[in-house]
Amino acid sequence: MIYVVGLGPGRKEEMTGHALAALERCDTILGYRAYIDLVRRIFPGKDLRASPMKAEVERCREALELALSGRTVGLVSSGDPGVYGMAGLMLEVAAGRTDVEVVPGITAANSAAALLGAPLMHDFAVISLSDLLTPWNLIERRLDAVAAADFVVCLYNPASRGRPAHLQWACDILLRYKAPETVAGWARSVGREGERRCVTTLGKLRDAELDMFCTAVVGNIGTTVLEGRMVTPRGYRFGVREEWE
């Protein structure tokens, strides 16, 4: 049996009861080093196996081998394992040879949005700016489409040492359709040491120094700032329409 578990932001308080119960049942827990460090604080007596970034396929194969040998295995992701996590890959590798249960968690879009206010109250899209597995020209097409439709946009993996300009490129695409004054924000290390948030504008977000621990949110035409927090109207109050022209 394999449980693919979402840890949410990382604190025990922000993990679901389902996730905690699933990991309690596990003999062995596997994951990326940073995520195993989070689990170690909660389950110090477990057989914990950490592996580096870009070892995802090998990690899933090890989880399958352990499960087939009779162990109950936990495979952990931060956030939700079905959102840029390990769930899909584990199901592919397992290919029906053992039971796999996907245990959801709070994804980065939700945790960042809560810290910033309520920017996801209307239609939104989530796009990763990492081109490790997705060609940049496809990411550009997706950014162009959601900007043209005036979606609120959550940007995962906005920048790294290997691709420092991706956030600027993404903002330049959004700026073709959205005004520089469009409300935007970012959150870093939500629920962990060093947590930070910033409410700003799309024009200023373009030049922000963000990294892989950040999630950025760009509002739609109706998003506003209320007492320092991002709010996207849903249409319940003050006669605000459901759609904007």
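Me: What describes how helix 6 (residues 136-148) and helix 7 (residues 166-174) cross?
Reply: Their axes come within 9 Å and cross at roughly 35 degrees. Axes here are lines fitted to C-alpha atoms over the stretch in contact, with angles from 0 to 180 degrees between N-to-C directions. Helices are DSSP runs of H or I with at least four residues, and strands are E runs of at least two, numbered from the N terminus. This is a predicted model, where local features need pLDDT of at least 70, side-chain atom pairs count only at pLDDT 80 or more, and totals for chains, interfaces and linings use all residues. Residues are numbered from 1 along each chain, and side-chain values use heavy atoms, without hydrogens and water.

Me: How do you know which residues of helix 7 are buried?
Reply: Buried means under 20% relative accessible area, exposed over 50%, and partly exposed in between (1.4 Å probe, protein chains only). On helix 7, H166, L167, A170, C171, I173 and L174 are the buried ones.

Me: What makes those buried residues of helix 7 line one face?
Reply: Seen down the helix 7 axis, they fall within an arc of 155 degrees, so one face it is. That arc is taken from the directions from the helix axis to the C-beta atoms.

Me: Why is Y32 called partly exposed?
Reply: Because its relative accessible area is 23%.
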